[in-house]
Amino acid sequence: MEQTEKTLYTLQVYTENIAGILNQITSVFTRRQINIESLNVSPSSIKGIHKYTITAYGDEETMKKVVRQIERKIDVVKAHFYTSEDLFLVEVALFKLSTPLLLSHPEASKAIRHARGRITEVNETFCIAVCEGTTDYILALFHELRQIPDCVLQFTRSGRIAVTRSCQEEVSKFLHERGEEI
Amino acid sequence: MEKITGAEALMLSLKAQGVKTIFGYPGGAIMPTYDALFDYTRGEKKAFEHILVRHEQAAAHAAEGYARVSGKVGVTLVTSGPGVTNTLTGVADAMMDSTPIVVIAGQVATGVLGSDAFQEVDLVGLAQPITKWAYQIRSAKDVAWAVSRAFYIARSGRPGPVVLDFTKNAQTEKITYEPTKVDFIRSYVPYPEPKQEKLKAAAELINNAKKPMALVGQGVELGNAQEELKAFLEKADIPAGRTMLGLSALPSNHKLNMGMLGMHGSYSVNLKEQEADVLIAIGMRFSDRVTGDVSRYAKQAKIIHLDIDPSEIDKCVKTTVAVVGDCKVTLPALTALINKNDHSEWKESFQPLRKKEIENVITPATKPTSGPLLMGEVAHDVAKIGYELAENQGKIGSPILVTDVGQNQLMSCRYFKFHDKRSIATSGGMGTMGYGLPAAMGATYGAPERTVCCFMGDGGLQMVIQELGTIMEYDIPVKMILLNNNYLGNVRQWQDMFFHKKQSFTPMTNPDFGQIAAAYGIQYHRVSKREDLKEAITEMLTSKGAYLLETIIKPDMNVEPMIAPGKAINEMQLNVEC
């Protein structure tokens with residue numbers, strides 16, 4: 001599928017902390033054959049509430065329908081979708097790089113410094129670079145390092161985590177209205 | 001306090017929910033529950049009637065039929081593995097048509113879960129996409145909470161099915177039973193508060209409309225808002241079309257009823273929908289059967305959508321004003337804001353189209369003067385005679401229509417008459433063949449004071465023909481009308497229309513249904529001549545107990561009018577030639 005025609009949306013879903021909800025959420029995507037680009041789950045700042053951060057390409061109309069169908073699930077508290085402007089986003093990536101190739105290609109080290117990455121482990125064979133930043137930064141570094149054949153031995157991204165830039169805490173407000181102690 | 005098993009805790013929990021009827025089929029993994037059930041269906045502890053069906057799919061459909069006509073939650077009890085997978089068609093059907101049922105299934109003991117144990121299946125995994133909630137009870141102490149939560153979820157807001165997976169060890173372990181009531185789940189808002197600004201915006205559109213039209217769906221029945229609907233329509237003089245599932249939300253003879261929406265609905269209703277300037281959709285979901293080609297559906301109209309489920313808004317059709325809430329609340333709130341009005345000229349404009357349909361379709365279908373029997377005339381006569389008899393017999397409520405799926409469904413929905421609320425049980429969104437007979441069985445328990453008329457084709461009946469055994473055993477007074485044309489009629493129609501008449505596996509060779517009925521000890525009559533029809537129907541409807549009336553129908557007839565697939569609703573064909 002041609003991804004560049006569509007927008008990358010970030011969905012935030014708040015749910016009760018019980019087993020089986022991940023399956024219910026992902027099935028909304030599967031049903032529409034929307035590929036999940038990344039998914040992160042962790043406890044939220046609210047006791048007993050889990051937070052899912054999901055990224056997927058799509059259009060606004062489809063995302064509206066997807067979040068409504070996710071929010072329809074009994075144990076889902078709230079679901080919203082955002083574009084990147086509405087969120088403070090971070091991703092972490094790990095690069096396992098060939099040490100000889102890194103040493104023989106100074107442009108590789110320069111790219112890592114430029115992307116504010118740091119080398120955390122080094123031996124004769126490989127080194128590990130950790131890069132934290134926006135998706136664009138991380139992908140730019142990955143593409144640059146891949147220009148050196150066989151330099152990137154392994155690469156993994158954490159997927160996005162995000163907090164909203166809004167001054168309203170909607171989920172807390174909702175639970176408060178439901179008479180719940182946060 | 002004496003400790004009881006999880007199975008007995010289930011009995012007490014169901015009793016606390018007011019359950020009176022359970023449709024089920026025993027098996028290995030649910031045996032402890034059936035052991036407890038035995039004492040609760042007789043003697044001093046008697047609380048329930050349990051109906052032993054002949055296939056678990058029928059148990060699910062029976063629970064659906066029970067729920068549709070009574071408004072209560074239907075209950076199904078089955079075993080693990082193949083037992084519960086047999087109910088999943090009914091569960092999916094209930095999800096699609098928003099019918100409240102709770103399916104309780106046995107499951108292997110927690111210690112062997114995931115080991116491919118005998119009759120083990122991942123029920124929660126299978127059921128999650130087709131239920132409001134699916135939960136595995138792994139400990140007896142969770143029974144009371146799980147059952148209460150299950151019923152609360154099934155019946156509240158937009159109703160739907162819930163599945164409980166009851167592990168064997170949870171059924172047998174002993175606990176001190178503590179009654180539990182769940183009527184609040186913090187993440188679940190079944191009755192959203194309608195927004196005042198939306199009500200005002202909707203009222204303004206309605207007050208300024210020159211050609212308003214209401215689209216009435218099952219939501220009005222689910223919300224028990226039939227009187228509120230009438231008050232709303234009558235105040236602003238708004239003509240209304242009903243969806244198939246909303247057919248009895250407004251009586252057939254109400255002055256503002258213009259007919260049925262959708263693919264095989266009323267001609268005038270479909271054409272006028274494409275002329276209306278304001279459409280007010282009430283408890284309906286703009287199914288593709290109703291909209292036809294959605295890219296060309298009612299583009300001229302402002303659409304007001306009243307629905308309890310926020311995920312329905314803009315799902316299929318772009319809404320101008322959405323009023324999210326229970327129509328029992330939103331309808332009177334809207335009625336208070338709208339002006340009294342008169343739309344005589346607009347309503348009158350339906351009449352020439354209605355007249356055209358009467359002349360070209362309805363009269364030939366319901367009052368033919370020659371040739372073999374037609375489905376329409378059978379449905380029309382059953383409804384007419386049934387209503388007259390109900391009045392004479394002092395029955396509470398007119399006959400209920402239950403249908404299977406296909407031409408039998410479309411023709412009986414078109415030509416039956418609906419006088420009272422909750423008078424129809426049919427498989428709409430899923431179109432499940434085999435729904436009719438078991439749903440009719442369930443309907444007789446849900447509305448024992450009313451006559452239940454079950455229209456089926458020869459295909460649909462044979463999907464569930466084993467349920468004649470259930471009918472025999474419990475003397476269930478279903479009036480079964482078999483519209484036999486020796487075809488899978490609706491598929492045959494589409495093959496004739498769209499596949500160059502290549503009738504691929506639609507003709508069927510059928511048995512002697514009379515002999516089958518006799519083997520089950522069920523009263524039976526076969527009628528093929530017009531002059532015998534009314535007497536045969538009267539005999540069926542005045543007889544005691546179950547009755548199978550087989551009508552020999554013209555084989556190559558089409559349901560008309562029709563909106564062909566991909567067409568706009570104003571491209572509805574009045575006649576569909578064979």
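This report walks through chain B of a predicted model, from its overall build to a few local details.

In this predicted model, local features need pLDDT of at least 70 and side-chain atom pairs count only at pLDDT 80 or more, while totals for chains, interfaces and linings use all residues. Residues are numbered from 1 along each chain as its sequence is written, and chains are lettered from A and ligands numbered from 1 in the order in which they are written.

**The whole chain**

Chain B holds 24 helices and 20 strands; helices (H or I, at least four residues) and strands (E, at least two) are DSSP runs, numbered from the N terminus. Its radius of gyration is 24 Å, close to the 25 Å that the globule rule gives for 578 residues, so chain B is as compact as a globular protein of that length. That radius is taken over C-alpha atoms, and the rule is 2.2 Å times the number of residues to the power 0.38. The C-alpha trace of chain B spans about 70 × 60 × 50 Å along its principal axes.

Of the 578 residues, 56% count as buried (20 or more other C-beta atoms within 10 Å of a residue's own; 12 or fewer is exposed, in between is partly exposed; C-beta atoms are placed from the backbone).

**Helix H1**

Eight of the eleven residues of H1(B), residues 6–16, are buried, so this helix is largely enclosed by the rest of the structure. Among them are B:Leu10, B:Met11 and B:Leu14. Here are some of the elements that the buried residues of H1(B) pack against:

| Element of chain B | Residues |
|---|---|
| Helix H2 | 31–39 |
| Strand E4 | 74–78 |
| Helix H7 | 143–155 |
| Helix H8 | 168–172 |

After H1(B) comes B:Gly18, whose phi is positive, near 80°.

**A loop residue**

B:Lys315 sits in the loop between strand E13 (302–307) and strand E14 (321–324) of chain B. Is B:Lys315 buried or partly exposed? B:Lys315 is partly exposed, because 17 other C-beta atoms lie within 10 Å. B:Lys315 and B:Arg285 are 30 residues apart in sequence and 8.3 Å apart in space, C-alpha to C-alpha.

**Meeting chain A**

The contact takes 16 residues from chain B and 17 residues from chain A; two residues are in contact if their C-beta atoms, placed from the backbone, lie within 7 Å. On the side of chain B that touches chain A, seven residues are nonpolar, four polar and five charged (Ala, Val, Leu, Ile, Met, Phe, Trp, Tyr, Cys and Pro count as nonpolar, Asp, Glu, Lys and Arg as charged, and the others, Gly among them, as polar).
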